[in-house]
Amino acid sequence: MPLRACILALAAAGCFGGTAPAQCGVDGDCGGSAFCAQGTCIEGTRTCPTLQPTFSSINSRFLQVGCGARQLNCHATDSVAVESGPSFFGHPYTTLVNAPAANRAGSARGLILVKPGDPANSFLLTKLRLTSSTDPAFGPGQPAPAPGSTCAETLAVIEQWIQRGAPDD
Amino acid sequence: MADFTRRAMIRTAALVPLAAKVGCARRIDTNRELAVPAAVDGDVTIALAQAPELSKAGGAIVARPQGSFGAYMVAYTGSGYLALRAECPHEGCHVAWVPEDRQAECPCHGSRFAGDGTVLNPPAVVNLTSFPADADAQGNVVVHLFAGDGTFQEKVQNGQVSFPVAEFPVLANVGGVVLGRPSGFPSPLLVSRLAAGSGPDAIAAVSAICSHLGCTVLPASGMLRCPCHESVFDLTGRFLQGPAGTGLVRYTVTFDGTTVTVSTTTRA
């Protein structure tokens with residue numbers, strides 16, 4: 001009987017497209033201490049999400065969380081910054097780690113987006129710490145609508161992850 | 001366990017298609033379509049008296065502003081409003097809000113979207129455009145169609161938006177394209193550098209809304225391509241191939257060599 005029930009449940013679940021119910025539709029569904037992105041409640045704010053020093057946490061709670069009115073990932077294949085920066089769509093580990101930065105809007109060359117063990121020379125952190133939208137060496141700070149708006153705690157976690165070798169964990 | 005005989009297995013297995021049939025027969029209720037007044041300065045106002053669905057948690061409608069080709073699914077989750085472009089980017093059916101799942105679903109082929117438009121389940125492969133929505137002082141629901149996305153610092157003033165090309169170094173090179181939506185502009189913009197020098201022939205500004213089913217057109221190898229159904233346009237918005245059949249909306253643009261000015265006025 002339990003087996004039969006399982007089969008019935010699985011069959012029924014398959015009919016619904018395999019999509020689990022979302023936690024939220026809008027920020028207000030998450031209470032006051034979290035926000036809603038891609039159907040999931042994330043503790044903190046968009047510029048200061050609560051992170052763990054792992055790539056999966058940084059990716060899902062920070063990189064994939066967007067900006068502007070659409071509140072979607074700017075650096076994705078269908079987003080506004082597609083021509084001006086790397087695509088962070090999906091699981092962008094290889095896009096970031098040991099990957100050269102184009103830095104089209106700045107003069108500095110030979111930059112690496114994430115250099116394992118070396119946060120000081122990881123361009124990702126440089127861009128997030130810039131407060132100018134027209135830095136001559138490094139181009140516009142990020143996120144583009146509000147350069148330098150990422151909070152210190154979030155930057156510290158990203159730095160911690162890079163410092164310990166930027167693993168794909 | 002010994003009792004779980006071949007006969008029992010066959011009987012259980014026979015239930016699978018039945019369950020699938022029952023489950024798959026679940027019908028997604030479409031949301032009521034409501035004609036609403038035309039947008040004013042990009043804001044679509046929906047009177048709650050005309051849309052009582054938006055007074056209860058989980059309620060939703062599809063609003064169609066007068067004079068607009070598009071429609072918008074507007075839902076109330078119980079703690080806030082959300083608005084998505086109603087046309088599914090797969091085949092253009094109107095999505096419907098599924099309150100128990102806090103997702104929008106296309107009743108035609110089952111594509112699913114989060115409240116912010118993120119595609120969660122195929123066959124659609126691109127996101128739905130979302131728009132900020134809230135209540136005004138009278139309690140009416142207002143959908144803000146022209147909210148900027150932050151790409152452009154400047155807002156539309158007196159029907160035009162200006163920005164220095166220095167803000168977008170990619171535009172210094174022929175073939176460079178910037179995609180974004182200035183606050184107050186009626187559509188997302190694709191601004192392209194067509195030629196060296198200055199003047200209106202050096203820069204083009206076209207709507208990034210595909211003339212086929214409204215997906216966002218993206219730059220690709222010196223052209224503009226719709227990721228939904230592969231319509232292709234040149235950088236001036238001229239239709240080249242695909243199901244769209246017509247070109248993109250083009251806006252009047254001027255360029256003095258340092259500053260680009262795009263008008264909300266369309267041109268032929």
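Two residues are in contact if their C-beta atoms, placed from the backbone, lie within 7 Å. By that criterion, seven residues of domain 1 of chain B are in contact with seven residues of domain 2 of chain B. The structure is a predicted model, in which local features need pLDDT of at least 70, side-chain atom pairs count only at pLDDT 80 or more, and totals for chains, interfaces and linings use all residues. Residues are numbered from 1 along each chain as its sequence is written, while chains are lettered from A and ligands numbered from 1 in the order in which they are written.

**Domains of chain B**

- The domain assignment of chain B, whose bounds come from an automatic or database assignment, gives domain 1 (32-144) and domain 2 (160-267).
- The centres of these two domains of chain B, taken over C-alpha atoms, are separated by 27 Å.
- On the side of domain 1 of chain B that touches domain 2 of chain B, two residues are nonpolar, three polar and two charged. Here Ala, Val, Leu, Ile, Met, Phe, Trp, Tyr, Cys and Pro count as nonpolar, Asp, Glu, Lys and Arg as charged, and the others, Gly among them, as polar.

**The largest nonpolar core**

- A nonpolar core is a set of buried Ala, Val, Leu, Ile, Met, Phe, Trp, Tyr and Cys residues joined through C-beta atoms within 7 Å. A residue is buried if 20 or more other C-beta atoms lie within 10 Å of its own, exposed if 12 or fewer, and partly exposed in between.
- The largest such core has 107 residues, and those with the most contacts inside it include Tyr72(B), Met73(B) and Val74(B).
- Strand 4 (residues 72-76) of chain B gives the most to this core, with five residues. Strands (E, at least two residues) and helices (H or I, at least four) are DSSP runs, numbered from the N terminus.

**Strand 15 of chain B**

- Five of the five residues of strand 15 (residues 189-193) of chain B are buried.
- Strand 15 of chain B pairs in the antiparallel sense with strand 14 (residues 177-180) of chain B over four bridges; two strands pair if DSSP finds at least two bridges between them.
- Strand 15 of chain B also pairs in the antiparallel sense with strand 16 (residues 203-207) of chain B, over five bridges.

**Helix 2 of chain A**

- The buried residues of helix 2 (residues 55-63) of chain A include Phe55(A), Ile58(A) and Phe62(A).
- Seen down the helix axis, the buried residues of helix 2 of chain A fall within an arc of 165° (taken from the directions from the axis to the C-beta atoms), so they line one face of the helix.
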